Each structure stands twice: as structure tokens, then as C-alpha cells.
Amino acid sequence: MMKGLYLILLVFFLNVSLFVSAQNGHAEWGIMVKDLTDKRVVADENGNVKMTPASTMKLFTTATALEILGPAYKIETAIWTDAKIGDKGILDGNLYVQGGLDPTIESSVIENYGFFDSVAMALKTLGINEIKGDIIADGNIIYGDEASPKWVLEDLATYYGVGCFGLSVYDNVQNVTVKAVDRNGKLQVRTQYPEAEISVINKLKISGGSDAVVYTYSMPYGKEVLLEGILGVGVTKYLRLAITNPNEVVAKILLNKLRSRGISVNGTARESRWIDYDEFDKLYSYYSPFLQNIVSEINFNSNNHYAQHIFRLLGTQVHKRNATLKDSENVIKSYWKKRGINIDEMAIYDGNGLSPMDALSPAMMVRMLEYMYHSKSAFAFRSSLPECGAEGTVKAIFRGKEFYARAKSGSMSGVQAYAGYVNYKEREYAFCVIVNEFDEERSKVKMMIEQRLINAIKEYETSLQRDRLDISVPEE
């Protein structure tokens with residue numbers, strides 16, 4: 001099995017190298033700037049051309065979620081049982097954890113309320129002292145594609161390319177240390193969460209120096225992690241690896257937590273694919289923070305994990321259980337098509353922009369930004385964007401300038417993009433700039449983007465002043 005995976009990886013990287021070598025050439029620019037006061041187009045260069053947006057794709061995910069679900073929406077994770085609480089607090093059956101696509105459970109980057117402690121406390125309050133059956137995790141709110149089939153394979157084991165599951169925990173990431181013990185390839189591996197079991201496939205080259213270049217590969221639901229690269233004897237490498245089956249991990253951790261709180265569990269921790277709750281009793285509901293808070297984390301820190309969960313959550317508008325990746329795509333496209341946006345200028349393969357196959361046009365981005373500027377969710381959406389020149393991933397543009405802007409950035413190999421709002425001389429503008437296939441240094445491209453935006457807006461402002469003068473001076 002692993003030999004087959006190894007061969008797939010080899011073929012994949014050969015294909016990628018051929019693709020990259022074929023992409024050398026001049027950069028492609030797409031620019032759209034619109035005056036939101038007078039509804040005039042200020043700048044348009046390849047505005048209707050589909051381009052790779054990288055993380056600016058998150059703006060469509062978060063805008064759609066705010067519009068459909070509302071800023072105050074909370075994601076529910078429910079605890080069920082198929083039995084009654086009997087004498088002496090004995091639950092003669094199973095306990096079920098029904099996932100709702102909450103990415104914030106025990107998260108390190110947003111306020112949460114301690115999921116496992118909350119569940120244990122709720123069960124103790126109900127008088128439960130013993131559970132005869134199993135702790136069963138149910139992540140079937142979505143079906144398949146825990147990782148988008150269009151994501152780059154090398155991203156899947158990393159903290160920024162973790163999979164999306166009905167139940168998630170600890171941002172679906174754990175810290176792992178790998179130490180080369182000797183030249184024969186013996187490794188010492190320590191994981192942060194024992195419940196998130198891994199089996200290391202060691203393809204590392206062990207050196208006598210201080211080398212520590214390690215590449216990792218894994219797949220959703222797999223316990224095997226392939227390590228490649230070079231590592232020196234006695235050198236410890238710190239890795240942040242994806243938790244590949246958080247559904248199962250949630251069940252295991254909850255079982256251990258209940259036992260530590262004095263609730264005995266006779267059964268095991270496992271996950272199940274098919275559960276019908278019609279005859280079950282709901283014991284407890286745990287809720288995420290407000291969607292507005294989750295959206296702020298997504299757009300401010302470009303959180304891929306959160307974004308993909310909110311994207312898949314949109315798909316549950318079509319199917320409450322077993323929602324597919326296609327369902328999420330259809331919800332976004334349908335919503336914006338009804339609001340006059342040409343969805344032919346968009347290709348959606350995820351909700352976070354991690355896929356290089358994602359595409360949208362600067363024009364459709366600006367049309368969406370214009371709509372959101374006047375929407376009921378305007379404040380929640382705009383305030384989720386970091387302030388340019390001051391914070392987040394947009395510190396590099398409009399720093400110390402007379403412009404005030406809030407925007408989302410997007411970047412990957414050969415891609416740099418910005419989209420958001422800018423204020424200049426009491427006028428508000430929506431803008432989107434996407435640059436694909438550039439060869440220059442990224443810092444130079446950012447400077448060029450900023451200068452093009454400044455020039456376009458200032459030239460437009462000059463033309464407005466000229467028009468006002470023409471109107472105010474009577475002809476002789």
C-alpha cells in the first residue's frame with residue numbers, strides 16, 4: 001500500500017515540476033476598482049478574466065455565510081443517547097457525539113468554552129455515573145472530500161492543509177517531535193495527543209551533521225505519516241501535523257475525560273457512519289462562538305481550517321446530513337447569481353483558496369464587495385477585515401499613506417491578491433487586484449499593486465475635480 005502511495009507521490013511531483021516550468025513568463029494582472037459613492041468603475045484591467053485568487057476566496061465563503069446564517073449564528077454539537085438514565089445514574093446504552101462542523105472545539109485561536117469539560121459537567125448534572133455502552137462519534141453532517149481533491153498533496157499533512165470533518169478538535173493539528181537516534185534510521189517520535197495515533201513511514205536520510213529538513217505526507221483517515229528529507233543524528237525536528245481522523249479522536253478524548261470525572265464507561269470509543277436519532281434523547285447541546293467571531297478569525301488571520309468548515313456548513317443548506325462539496329459550491333453560486341453576479345467567472349473547489357484550481361474574476365469580487373457594503377451584514381463583514389498598513393496580512397500596503405483601507409490578502413506560489421475597501425477624501429471604493437504567474441520578488445509585486453491602486457484612485461479623483469470645475473465655470 002505504501003509503495004503505491006510513494007509512487008503516486010513521485011508521479012505527482014514530476015507533474016507539478018512540468019506544470020511549473022511551463023508557467024514561466026510574464027505576470028497576468030487583473031484589476032477592478034469601483035467608486036461606491038457614484039457607482040462608477042475607476043479602473044478595469046482584465047476585470048472579467050478568471051484568475052487564481054488564493055486566500056481572497058475566503059471573502060466569498062464568509063460573506064455568503066454571514067448573509068445566509070447571520071452574524072449571531074452558533075454551530076451546535078449535540079450529545080445524544082439511545083437509552084434512559086436508570087437507577088443509580090446508570091445509562092444502559094451508548095452516548096453519541098453528533099458533530100455540527102464546529103471548527104472551534106478546543107481551538108487555540110479563538111475563545112471557546114472547554115467542550116470536554118462542558119459535556120462531562122452536563123452529564124454529571126443529569127446524574128449519570130455510569131455508561132454501559134460506547135462513546136460514538138458521528139461526523140456525518142458531511143459526506144466525503146474531507147480534503148478537496150484539488151488541494152496539493154504536500155499540504156495535506158500540514159497545519160494549514162488539515163482536513164474538514166463533522167467533528168474537529170484542537171484545530172485538527174498536533175505537535176510532533178522527531179529525533180534521529182542513530183545512523184541506522186532509528187527514530188524517536190513523540191506526539192502531543194496519544195489519542196491521535198500515527199504510524200511513521202521513515203524515508204528520511206540520516207546524516208552526521210545538523211540537518212533538519214523534513215517533509216510530511218498523510219491522508220484523511222489514514223494513520224500513516226510518510227517522512228522524507230534529511231535529519232542529523234541527535235537532531236530533533238518539531239512538526240505540526242494534521243490530525244487525520246478527529247471524529248475518532250473526539251470520542252477517545254471524551255471517554256478519557258468522563259472517566260477522569262468519575263463517570264465510568266464500560267464500552268469503547270469509536271465512530272459510526274449511520275445513525276438515526278429519531279428515537280434518541282438529546283442530553284446536551286454545546287455551541288460555538290458567534291459566526292461573526294469565526295468570520296473575523298478567518299479573514300484576519302486567513303484561517304484555512306475555519307474557512308473550510310464554514311464552507312462545508314453552507315452545504316448543509318441543501319442536505320442537513322451527508323452534505324457534499326458540490327452542495328457548498330452550489331449554495332455560494334446560487335446565492336450570488338440571484339444577486340446579479342456572473343457565476344461563470346468563478347470556479348470553486350474549496351472555501352479557503354488553498355486549491356490552485358480555484359478561480360474568480362476581479363469584477364465579480366468587486367460586485368460582491370459592493371453588495372456587502374450595503375447589506376444587513378455590512379458591519380460584521382467589513383470589521384472582519386484587517387486594517388491595511390497596521391495589522392494582519394495586509395501590513396505591507398497603504399502604510400503611512402493618506403488612504404484608509406481594510407482588505408484581505410491572498411498568496412501562494414506565483415499568486416498575490418488583495419480585495420477589500422479603501423477610503424480616500426471621503427469617498428469609498430471597493431477593489432480587487434489579482435496577480436498570477438509573476439516572476440518578481442513578492443515584496444516588489446506588493447509595492448506595484450499598491451502603486452497601481454493609488455494611481456488609479458488619485459487619477460479618478462483628479463478627473464472628478466476637473467469635472468466639477470467644468471460645471472461651475474459658465475461658458476462665455
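Biologist: In what order do the three strands of the open sheet come, and is the pairing parallel or antiparallel?

Modeller: The order is β9-β8-β13, and the pairing is antiparallel. Strands are DSSP runs (E, at least two residues) and helices likewise (H or I, at least four), numbered from the N terminus; two strands pair if DSSP finds at least two bridges between them. Please note that this is a predicted model, in which local features need pLDDT of at least 70 and side-chain atom pairs count only at pLDDT 80 or more, whereas totals for chains, interfaces and linings use all residues. Residues are numbered from 1 along each chain as its sequence is written, and side-chain values use heavy atoms, with hydrogens and water left out.

Biologist: How many bridges join β8 to β9?

Modeller: Five bridges join β9 to β8 (residues 173–180). In one of them, Lys 179 has Gln 188 of β9 as its partner.

Biologist: Now the helices. At what angle do α3 and α4 pack?

Modeller: Helix α3 (residues 115–125) packs against helix α4 (residues 246–260) at about 50°, with the axes 10 Å apart. Axes are lines fitted to C-alpha atoms, for helices over the stretch in contact, and angles run from 0 to 180 degrees between N-to-C directions. That angle makes α3 oblique to α4 (under 35 degrees is roughly parallel, over 145 roughly antiparallel, 65 to 115 roughly perpendicular and the rest oblique).

Biologist: Which residues of α3 meet α4?

Modeller: Phe 115, Phe 116, Asp 117, Val 119, Ala 120 and Leu 123 do, against Val 250, Ile 253, Leu 254, Lys 257 and Leu 258 in α4 (contact means heavy atoms within 4.5 Å).

Biologist: And how do α2 and α7 lie to each other?

Modeller: Helix α2 (residues 58–69) and helix α7 (residues 325–337) cross at roughly 75°, their axes coming within 10 Å. They are therefore roughly perpendicular to each other.

Biologist: Changing topic, how many salt bridges does the structure hold?

Modeller: There are 20, a salt bridge being a side-chain nitrogen of Lys or Arg within 4 Å of a carboxyl oxygen of Asp or Glu. One of them joins Lys 34 to Glu 370, with the closest N and O atoms 2.9 Å apart.

Biologist: What does that pair tie together?

Modeller: Lys 34 lies in strand β1 (residues 28–35) and Glu 370 in helix α8 (residues 362–373), so the pair links parts that are 336 residues apart in sequence.
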